[in-house]
Amino acid sequence: MRKRQSVSVSDASLPAGGGAGQAGHPIYDHLELLAAMGQDFASSGDIEASLKRAVEHITEYLDAEGGALFLLDDKGETLRCHACIGPTEITGLTLKCDQGIVGRCVQNEIGEIVRDVTKDAGFHAGVDEQTGFTTRSILCAPMSVKDQRIGAIELINKRGGDGLFEESDLHLLQAMSASAALAIHNARQAEALVEQERIARELELAAEIQRSLLPEAGADDYPVAGVNHAARTVSGDFYDFFPLDDGRICFTLGDVSGKGMNAALMMAKTASLYRCLGKTVRQPGRLMARINAEICETTTRGMFVTMVGGIYDPSTGIVRFANAGHEPPLFHDAEDNFHALPAEAPPLGISPALVDGLEFPETELKLDGGTLYIFTDGVTEGYLEDGRELEVGGLKRLIRENAALNVKGKLNAVIDCVDRGDAALRDDLTLLAIDDAVPLDLRTSGGSVAVEKTPQDTLKAAEEEEILLSLTVPSQADRLKLIRNAVSETARFCGCDKDVCRDIVIAVDEACQNVIRHAYGGSPNGEISLEIIRRSDALVFLLRDFAESIDVSSVKPRDLDDIRPGGLGTHFMREVMDDVQFMPPPADGGNLLRMVKKLSKGPENET
Amino acid sequence: MKHEIRDEKDAIVVALEGDVDLQSSPDARKVLLDCVGRKRPVLVDLSAVGYIDSSGVASLVESLQTAKKSGNTLVLVAVSEGAMRVLQLARLDKVFTICDTVEDGLKQVRQ
């Protein structure tokens, strides 16, 4: 009863003198309640629990039989009871956003006193029917912050007096609702902030993974270097380079259409495909065709990748590359001339049928001491200090000015002009250079760079190589026995014991079978050439055919858990030999398979 | 490659001899499948097989599968060192029932 004569909220700012009500209940009672609620909201980490406590306090303070707090869902379509106190438990109950008195109150954003619900057409009797409770009167105040509807607090059935809510009750409830609304709003904002931070952290993680996909920088005199500055956290650009076991260097640079996470994921996929396939598919045109087919098969509609991929041979200075719709690479030759090398094929991921035949066209270029630059349009379209774009002209100027620097210096000189660190980048900047100046020196000294094997090993091996056997037979099954006998005798001659001889025979026999069955498709009119080379530490078997080049990736060991007839041959080869590899196809076509069997050290090897 | 088939009381014994390779494995396959098709246990004697390649192994696997499908038995007996090495490389030495001698094989199929 004490609350019934309380002063409306708007009167709460009256001078202190008006604070004491006639019944001796000071006005700051409900101010205290408001303050306590506010503090609870502010200090609690659990907004739901705070709301529940608030509803309890309000219901008790306004002397109602029950109270409930409803919140609108994200879409504003349904009202759900989040906290409730009283004889019936309706937490979790959902209503349509305009259902019942609480719905009306929320929609109109006006507080209401309904003294007799039976006379109110908007009253939703469904809840009473379900719970057996009898609602007589309702007091309801909306919760909203800055025109944003949040929900409402509803009180049911005044206990004392005539059992009717009064105007002053509504004022008080509205004040409390406003406080609760603000708390909910703040909690939601805090939650959104946490979510934003979580996304930012995940983006940072994604960026870290992306950076790990880029190759580590080589030594200062390594002929290939790249640089990538992302405009956002993650990048749709990529570059890569890695040495092949024959001393050549496989390289690529690409740009995925679009920006953001989807571009970054596509970048990760393409870069991984390149690195993986690039180790076995040694022709850039074929490699690009393979990646194109793979991307076309799984790509999201509308995404594509422009890309240059190729192989550089430091020992000759020759670069072979294929350009799939990418910006023309710039070749700065040793005489200070520039040559643009435009794309001859569409970007990857557009259509597998766009490219004639199975391969992307290749460009061969002898660098002869020059430098090849491959870059994304983020570089040429990047803004200079004066606000103009760098453009190809500007890039050429920078390249000329910094021609004396080493390859990393050359790249940094360009990047520093576009990314001065004073403003956000317009687009990702990615630049790769192949500088033939270093290998030129090495060529004269006869060395080799960028090989995983040390140069000495290569030289030593080369010195001590001896061709023990060289034979050519027709691609006929009845000649396999000849080959087996020759191989067996040769291995025995090199001191291999019986078991090793037998293993080697199995591997070579299976390799020859593959040639007859797969490369020549069973035709007896082909030729197979076998060369057995003895090194100090190994026997090398070079098996050559003159059939159409086969798809290397289709020749892989089978899964032995799945035992079905056929296809075991490759598995035998890999089991027996220490190294089995398809080499780059010889200039005049065909396939070249190299198998290496290490010889165990021992005096018997000398026999 | 040559082969010899003899009917024992409890099984058909088929002995392969020589190299089972790309050249001869189609013959070996036919012989083995014929024997398996007779619905009696089959012992494959590999004691005189000097060399067997993946296509020969494939014929053995196919015969084993055919036998199993019809509830029949196929046992390898007296496997030569060379053939055993190939079976090991293929990890098939655990898939086949392998007995040291023809007699052991016959005992095996009687069980």
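Two strands are taken to pair if DSSP finds at least two bridges between them; helices (H or I, at least four residues) and strands (E, at least two) are DSSP runs numbered from the N terminus. The model is predicted: local features need pLDDT of at least 70, side-chain atom pairs count only at pLDDT 80 or more, and totals for chains, interfaces and linings use all residues. Residues are numbered from 1 along each chain as its sequence is written, chains are lettered from A and ligands numbered from 1 in the order in which they are written, and side-chain values use heavy atoms, with hydrogens and water left out.

**Chain A as a whole**

Begin by selecting chain A, which holds 15 helices and 21 strands. Of its 607 residues, 49% count as buried (buried means under 20% relative accessible area, exposed over 50%, partly exposed in between, with a 1.4 Å probe and protein chains only). Chain A exposes about 28700 Å², of which carbon and sulfur atoms supply 51%; accessible areas come from the Shrake-Rupley method with a 1.4 Å probe, and for residues only the protein chains shown count as cover.

**The five-stranded sheet**

Next, select β7, β16, β15, β12 and β13 of chain A; in that order they form an open sheet with antiparallel pairing. β7 (224-229) and β13 (338-340) of chain A stand at the edges with a single partner strand each, so one side of each is left without a neighbour in the sheet. From one strand to the next the twist averages 15 degrees.

Zoom in on β12(A), residues 330-332, which three bridges join to the antiparallel β13(A). Here Leu330(A) stands opposite Ala340(A) of β13(A).

Axes are lines fitted to C-alpha atoms, for helices over the stretch in contact, and angles run from 0 to 180 degrees between N-to-C directions. Helix α10(A), residues 407-418, lies across β7, β15 and β16 (429-435) of chain A, at about 155 degrees to β16(A).

Move to β9(A), residues 249-256, where eight of eight residues are buried. On one side are Ile249(A), Phe251(A), Leu253(A) and Asp255(A); on the other are Cys250(A), Thr252(A), Gly254(A) and Val256(A).

β8(A), residues 237-243, pairs with β9(A) in the antiparallel sense over seven bridges, and Phe242(A) has Cys250(A) as its bridge partner. In the hairpin of these strands, with five residues between them, Gly247(A) takes a positive phi near 95 degrees. β10(A), residues 305-313, also runs antiparallel to β9(A), joined by eight bridges; Val256(A) is partnered there by Val305(A).

**The largest nonpolar core**

A nonpolar core is a set of buried Ala, Val, Leu, Ile, Met, Phe, Trp, Tyr and Cys residues joined through side-chain atoms within 4.5 Å. In the largest, of 71 residues, Val508(A), Leu530(A), Phe541(A), Met595(A) and Val44(B) touch the most other members. Helix α14(A) gives the most to this core, with eleven residues. A second, separate core of 47 residues includes Val256(A), Met266(A), Met307(A) and Leu367(A).

**Helix α15**

Finish at α15(A), residues 569-576: six of its eight residues are buried, so this helix is largely enclosed by the rest of the structure. The cover over its buried residues includes α14 (498-519), β20 (579-583) and β21 (591-598) of chain A, together with α2 (54-69) and α3 (81-89) of chain B.

Terms used
Contact means heavy atoms within 4.5 Å.
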